Amino acid sequence: MMLGRKQSLKGEPVLADYGPEEALNESADIEWVNMLWVRRLMRFCALVSLLSVSLNTPKTFEKHPPLQYVTFCCDLVVTFLFTAEMIAKMHIRGILKGEVPYLKDHWCQFDASMVFFLWVSVILQVFEMLGIVPRFSYLSILRAPRPLIMIRFIRVFLKFSMPKSRINQIFKRSSQQIYNVTLFFLFFMSLYGLLGVQFFGELKNHCVLNSTDPNYITINSLAIPDTFCSVDPGSGYQCPEGMKCVKLELSRYIMGFNGFDEFATSIFTVYQAASQEGWVFIMYRAIDSLPGWRAAFYFSTMIFFLAWLVKNVFIAVITETFNEIRVQFQQMWGVRGHITNSSASQILTGNDMGWKLVTLDENKHGGNAPKFCHVILRSASFRLLVMGVILANGVVTATMNFKHDGRPRRVFYEKYYYVEVAFTVFLDLETLFKIWCLGFRGYYKHSIHKFELLLAAGTTLHIIPTLYLSGLTYFQVLRVVRLIKASPMLEDFVYKIFGPGKKLGSLIIFTMCLLIISSSISMQLFCFLCEFTKFESFPEAFMSMFQILTQEAWVEVMDETMLRTRETLAPLVAVYFILYHLFVTLIVLSLFVAVILDNLELDEDIKKLKQLKFREQSAEIKETLPFRLRIFEKFPDSPQMTCLHKVPSDFNLPKVRESFMRQFVYEVEEDETEGVKKVNEVFDSKIVYRKQKPVKILTDPPKVRNISTNLRKAAIQYIINDSNNQRLMLGDSAMIPVPGKGPLKPQGTVSSAKQLRIDQKKSIRRSVRSGSIKLKQTYEHLMENGDIGAMNRVSSSRSRPQDLDIKLLQAKRQQAEMRRNQREEDLRENHPFFDTPLFAVPRESKFRKVCQLIVYARYDARLKDPLTGKERKVQYKRLHNFLGLVTYLDWVMICVTTLSCISMMFETPSYRVMETPALQIAEYGFVIFMSLELALKILADGLFFTPKAYIKDVASVLDVFIYVVSLVFLCWMPRTVPPNSGAQLLMILRCVRPLRIFTLVPHMRKVVYELCRGFKEILLVSILLIVLMFVFASYGVQLFGGRLARCNDPTISRREDCVGVFMRRVFVTKMKLQPGANESYPSMLVPRVWSMLFTYISTYFLAV
């Protein structure tokens, strides 16, 4: 194991090989099949075989007859080579006997099967060329396994830098998770399949004309559009006059393959609905045929469990599996290879926007340009100029439009061509200027410069008149992507997604290989179907399978294929498409999500460093009070004084106000003089001094003590330190130094360069004052006897530096909280209006305490006795925790808000709240209860200028807004609500009321808070989406603008003839019904209209 680890660090990993012959090395005394050039030849033959089978269809041969002989020759040569390789390996390794027999190796079995199907394909093509087998024959299915030969080319890359047993263990554990979630999916599929049969059964009732013969149904017998109906007058849809509800007994090939007739068909329909493709039509069919509640309950729960829950569980499992595999590889081998120069020249820098890695440019002066050119290159003005030019280029291109009025297309883009030449010349000069300043080697080593150079070369070719508005237009529209560099935050986000392109690129290659293989297999399975264009050649088959991957009308592809196959093969066709759809939508797309999420994750070391820096930064920020409280600092101090009428010896050392203390405190520097130390030692000692014996003199001298300034300041400092220690014993907020850190910050109660000392020899007991913070939680770093000096002993230990950093951050965060409390205490001492609700309710009044008691009263859900600490035996613990989730007042408001929202659900245009007293009860009740709630909370905690003010976040502003809207509506109660009026706006704003429940329930509020925290990432994704949409929309306008026009009459091809009216068919039903004898398709008279597609960039935006 250690040897393997060392080799991995040297860059020579031990590879676990999943291809048997690739494990051998080329040498002189080895068999020819294991030589390197032979293995490469076999891989090339695999690609040739895949290309050959992709061209082997009747329609392809019909369009290009020589391809029949080309594919036959290629297949013959490839078959002979693979056969020779198989015979040689059998001779070397043995067929069934030997150390590694040929037929007992899985890869060799796969190779032998591919050789077998190659011979079958060659023989079948001979019969087709001789005319023994017709062109469109079922026997072409025998070629379907041939595209799997692509695996021979891919498996050479299945090498991992880990022992094979470890890899097998990882894959086994990962496959077990996927197996479990697959069982979870099959359970819900079976459950809803059974429920569908029991709930609905056969849905075959249609509205037809009264004169219709049930045994002779034509398309003209149905309603327009075709409508399902119910034979029960009390439920479902009832046919109009002149029509009756009849059960149609038609073939599945006419009526369709979905339904709930039996379990198999129900499973098929459930999967189709769970893919969210056309499920609403199936639901409305059930609503029209049966009582509506059945379909509403069935389909809503099915979409929730199958379409949302199971799909997201699949994504979560795939993401977790991918992360586990990545972690396992990192834990096994660590970082492989040497550290490159590019990574070594990166530093972590931080500012107000956050922390990020910045690459140091070591070759700033690699070119031949003078120094002032480098200054221009690095200046912000130069970058802004380039970004402005690129933005102007995008805006000018977006104004391009075309008209189909007979003028040639070049008339519309002639002016844009000269403008494009000017932009191209400027940006080419910019590229040359950068190469001149940095040198070509220094310029080309940056990825962004490679992209710019590619754009410069492509756009230079694009301005050649014969190539303008051709496929090279891509280079011109991709300039807009450079605008991403204007936002460092967006640039960093894009780099996280696309920067580590190895994983994402490998996944894209894997998806393309899967599409190619599945398209070739599907083409060989269904190319024999006559007059079916979706799989007649490889391009059509590729687009059909890609359409299924995107889940856009994939059911249509499946149904059209099933309609053209035999009744016995139709279920197999359905199973084939469902398995493919299941794999590509739940696994392949989940892999994309997993890779992107993994790219968004930072490296572990950078993540830890960023978290530590963020915690430290947040700890410093939290020291500052909100602005609504800092405003009191602008007013002069006016503390309230108290007169004591008892002897001072009856009291302990009184509490000294912090604001008063700062006027006399002696701030100890680190480099204090020896004289001061001696003075301090005098007060720290326990020597008892006696008074001198009085001497009687004739005159009384003045009672003045001549002492030094240091002794006087030290005495005051000793008194204040004694007071601070007593305040700490009582649980008050005092200044505690943090080990290993510098002096306190300016947000504290003392200056930023100095700190107070606390007597470390005084014992500290637990807090008994109500409202104080528990010392066990807050002062975890203090010893039981109150010794703060233990912190310094801990700080000197370097055994666990990571734990020490976390403890230091925790201590700093606690200290920041204490500083906040201290500042609040100062304001409370010096400003009589601080913490007084509405500046009228006294701070310690009984009325306010009663209001606070009502507001904060809640159910005690503690399972432990607060006095004894023993766990209480209670039943329904979850119910107790649920009751203690919020206060009693909030529970009342949740119930009142819910009832008022339910009342609003009964409002209709004819049953309005303004005219219905029953609905007004809930409206009056909501306003009255919310008025009482706001009054109690404001009288208890204040409105705005108090520490626990009601309006302190967005949720409280939303509450006030909802209350004001409800109050105005209740006072106004408009009888008429005209469109686009203030009354209508007020009615719309009432719909915000249910959001109150989100602000009252803590768990819901947390979800909304986390969603709002991710707004920045959502905004970045939206900007990236808009940029990419603009790129493709601009490309579409330039490439196809003015070329896509047609008449709505398919028989007209010229604009001059697109006049008058014509009979157009009307869509009636999805059933494959034909008109009867002497009948025609239902149609209507419509005018001919000549329409143009995608003439402006806005229309392309909608299309994209």
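A residue counts as buried when its relative accessible area is under 20%, as exposed when that area is over 50%, and as partly exposed in between. The structure described here is a predicted model, and it holds 41 aromatic pairs.

**Aromatic pairs and a cluster**

- W107 and F110 form an edge-to-face pair, because their ring centres are 6.1 Å apart and their planes stand at 85°, where an angle over 60 degrees is what edge-to-face requires.
- Both of these residues, W107 and F110, belong to helix 5 (residues 106-130), where they are three residues apart, which is about one turn of the helix.
- Within this pair, W107 is partly exposed because its relative accessibility is 22%, whereas F110 has a relative accessible area of 15% and is therefore buried.
- Y474 and Y1035 make a stacked aromatic pair, with 3.8 Å from centre to centre and 15° between the planes.
- Since Y474 is part of helix 17 (residues 473-477) and Y1035 is part of helix 39 (residues 1015-1040), their pairing ties together parts that are 561 residues apart in sequence.
- One aromatic cluster is formed by Y192, F199, F200, F260, W293, Y298 and F299.

**Charges over rings**

- The charged end of K450 is placed over the ring of Y444, at 5.2 Å from the centre of that ring.
- R993 lies over the face of F926, and here the distance to the ring centre is 4.3 Å.

- In helix 10 (residues 279-289), the buried residues are I282, M283, R285, A286 and S289.
- When helix 10 is viewed down its axis, these buried residues fall within an arc of 155°, and so they line one face of the helix.
- Q524 is a residue of helix 19 (residues 501-526), and it counts as buried because its relative accessibility is 0%.
- If neighbours within four places in sequence are left aside, the residues in contact with Q524 are V53, N56, T57, S140, I141, R143 and A144.

Notes. Residues are numbered from 1 along each chain as its sequence is written. This is a predicted model: local features need pLDDT of at least 70, side-chain atom pairs count only at pLDDT 80 or more; totals for chains, interfaces and linings use all residues. Side-chain values use heavy atoms; hydrogens and water are left out. Buried means under 20% relative accessible area, exposed over 50%, partly exposed in between (1.4 Å probe, protein chains only). Helices (H or I, at least four residues) and strands (E, at least two) are DSSP runs, numbered from the N terminus. The arc is that of the directions from the helix axis to the C-beta atoms. Rings of Phe, Tyr and Trp (its six-membered ring) pair if their centres lie within 6.5 Å; planes under 30 degrees apart count as stacked, over 60 as edge-to-face and the rest as tilted. A charge sits over a ring if NZ of Lys or CZ of Arg is within 6 Å of the ring centre and within 35 degrees of the ring normal. Contact means heavy atoms within 4.5 Å.
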